[in-house]
Amino acid sequence: MPKTVISGFTHNFLGNAPVWYKQVIVLFLVVNPLIVWLLGPATAGWFLVGEFIFTLAMALKCYPLLPGGLLAVEALLIGLATPDAVYHEVLVNLPVILLLMFMVAGIYFMKELLLVTFTQILVGVRSKSALSLLFCAAAALLSAFLDALTVTAVIISVAVGFYSVYHKVASGKGYHHGNHNAQSDEHVVELHREDLEEFRAFLRSLLMHGAIGTALGGVATMVGEPQNLLIAKVVGWNFAEFFQRMAPISLPVLVAGLFTCWCLEKLRWFGYGARLPKPVRQVLEDFADNERKKRTKADQAALWVQAVAAVVLVIGLAFHIAEVGLIGLLVIILITSFTGVTDEHQIGKAFQESLPFTSLLVVFFAVVAVIHEQHLFKPIIDFVLAQPEVHQPALFFVANGLLSMISDNVFVATVYISEIKQALDAGAISREHFQDLAVAINTGTNLPSVATPNGQAAFLFLLTSAIAPLVRLSYGRMVIMAFPYTVVLGSVGLLAVINFL
């Protein structure tokens with residue numbers, strides 16, 4: 001225990017994070033102003049990007065909102081960006097914020113339906129390869145018509161449900177035991193520990209296959225990812241034309257991605273291939289049977305309401321009737337109104353998962369503002385536009401992919417599409433070439449960006465979600481598990497861009 005106020009302050013700083021981690025963050029905060037003074041704001045901007053990526057990589061040591069927020073605040077104080085620039089980034093990305101606030105909460109109220117559905121799939125499909133393909137393909141299909149973050153929220157909810165059920169049993173409790181702490185293995189029976197570790201590996205692989213699936217489907221349509229909609233509006237494509245333009249790249253990549261999923265499960269490389277232990281399957285089968293037997297008429301009615309809300313959700317998102325977040329709010333209103341959820345505290349629980357990540361995303365936008373204000377990507381854009389026209393689509397694909405790995409793919413796409421739109425308006429490129437570059441930008445920001453969690457919002461959401469620490473899914477492990485997909489998706493995408501654009 002701290003014996004002085006100073007030691008108490010040191011102890012409280014970043015809470016239970018390791019001492020070395022606290023010292024590194026303090027070092028960053030001390031060094032950044034010196035870098036601005038000695039090397040200039042542009043160099044300091046690149047250092048800030050690297051430091052923020054470090055906080056993401058160490059997400060299991062300390063939630064990135066805290067150290068990342070300190071770095072972002074310091075960046076504003078030393079003049080790397082302005083509060084107005086951050087506010088502008090937030091306004092531009094308001095649909096993503098609304099999505100996180102309301103859609104993730106809406107999925108929370110559909111968790112009973114999702115758990116019932118996916119439990120039947122899990123216990124019904126015994127082949128792990130077939131199950132992984134099903135998860136990946138389903139995530140791709142849903143992401144094409146919904147949104148990658150929404151689909152990721154569904155997968156996370158299902159995984160948390162599976163894990164909680166078995167962890168209670170492994171701890172010697174019943175399915176519906178209250179006040180159970182799934183984050184602690186203290187009470188796990190020794191007999192179940194090996195099965196629990198195998199189950200964690202099993203869930204990790206399903207989560208990663210599903211997350212990759214959101215990228216495979218998200219690239220194909222204008223509603224799949226936030227930047228897709230932005231690009232479609234700038235170029236003037238409707239839903240059908242966007243799909244048609246992306247198809248020469250997105251469809252070969254989809255086939256390659258699904259084949260990679262099957263190969264990884266068969267070969268058991270890069271952390272994949274873990275099977276569902278028989279005792280765990282038995283627990284889930286018993287749970288499904290028990291849930292079915294004790295389901296009352298009121299419970300059945302609630303499932304029907306959730307099913308109708310799911311249909312409303314799909315129709316609303318597929319036809320883009322309103323912003324995704326507002327459709328999520330509609331889902332919340334419909335389900336709570338017709339299932340008897342009227343208490344404020346019951347509703348508040350739905351937002352516990354999404355709001356910390358929403359706050360982290362706003363901090364991320366502050367870092368994006370620094371990138372924008374310091375023009376960190378401008379030299380790369382100028383270099384690519386100076387190359388022969390025939391090589392530009394491939395170069396844009398590569399440049400977008402590499403930058404999306406270390407930054408945010410929404411921001412990278414926004415910067416690049418605005419730059420080539422200016423080139424079009426200035427008469428520097430033709431309309432047809434402009435459309436080819438738009439395809440390269442969209443595919444470049446969506447496919448290679450699976451390499452790191454910070455490349456795509458859906459991956460970052462998975463890393464910072466409740467399920468990640470439960471199944472031991474760290475930043476480094478996500479990078480390793482995503483590596484084969486990065487190589488395949490990036491290579492096939494690049495070859496398709498070279499040959500079909």
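What follows is a set of questions and answers on a predicted model.

Me: What kind of model is this, and which pLDDT do side-chain atom pairs need?
Reply: Residues are numbered from 1 along each chain as its sequence is written, and side-chain values use heavy atoms, with hydrogens and water left out. The model is predicted; totals for chains, interfaces and linings use all residues, local features need pLDDT of at least 70, and side-chain atom pairs count only at pLDDT 80 or more.

Me: How many helices and how many strands does the chain have?
Reply: Helices (H or I, at least four residues) and strands (E, at least two) are DSSP runs, numbered from the N terminus. On that basis the chain has 24 helices and zero strands.

Me: Why does the chain count as compact as a globular protein of its length?
Reply: The radius of gyration is taken over C-alpha atoms, and the globule rule is 2.2 Å times the number of residues to the power 0.38. For 501 residues the rule gives 23 Å. The chain is as compact as a globular protein of that length because its radius of gyration is close to this, at 23 Å.

Me: What does the C-alpha trace span along its principal axes, and what share of the residues is buried?
Reply: The C-alpha trace spans about 70 × 65 × 45 Å along the principal axes. Buried means under 20% relative accessible area, exposed over 50%, and partly exposed in between (1.4 Å probe, protein chains only). Of the 501 residues, the buried share is 53%.

Me: What percentage of the accessible surface belongs to carbon and sulfur atoms?
Reply: Accessible areas come from the Shrake-Rupley method with a 1.4 Å probe, and for residues only the protein chains shown count as cover. The accessible surface of the chain comes to about 21,500 Å², and the part belonging to carbon and sulfur atoms is 67%.

Me: Among contacts between residues at least 6 apart in sequence, what percentage join residues at least 24 apart?
Reply: Contact means heavy atoms within 4.5 Å. Among the contacts in the chain between residues at least 6 apart in sequence, the share joining residues at least 24 apart is 77%.

Me: How many disulfides are there, and which cysteine sulfur is nearest to that of Cys261?
Reply: A disulfide is a pair of cysteine sulfur atoms within 2.5 Å, and the count by this rule is zero. Cys261 is in no disulfide, and the nearest cysteine sulfur is 4.7 Å away. Cys261 is buried, because its relative accessibility is 0%. The nearest cysteine sulfur belongs to Cys136.

Me: Which residues does Met246 contact beyond four places in sequence?
Reply: Met246 lies in helix H12 and is buried, with 0% relative accessibility. Its C-alpha atom is separated by 9.7 Å from that of Ala438, 192 residues apart along the chain. Leaving aside neighbours within four places in sequence, the contacts of Met246 are Val219, Ala220, Trp237, Ala438, Val439, Asn442 and Thr443.

Me: Is Ala81 buried or exposed, and which residues does Ala81 touch?
Reply: Ala81 lies in the loop between helix H4 (65–77) and helix H5 (83–92). Ala81 is buried, since its relative accessibility is 3%. Not counting residues up to four places away in sequence, Ala81 touches Ala75, Leu76, Ala369, Val370 and Glu373.

Me: Is His375 buried or exposed, and what is its phi?
Reply: Most residues other than glycine have a negative phi. His375 is found in the loop between helix H17 (354–373) and helix H18 (378–385) and is exposed, with a relative accessible area of 51%. Although His375 is not a glycine, its phi is positive, at about 55°.

Me: Where is Arg268, and what is its phi?
Reply: Arg268 is in the loop between helix H12 (239–267) and helix H13 (278–294). Arg268 is not a glycine, yet its phi is positive, at about 60°.
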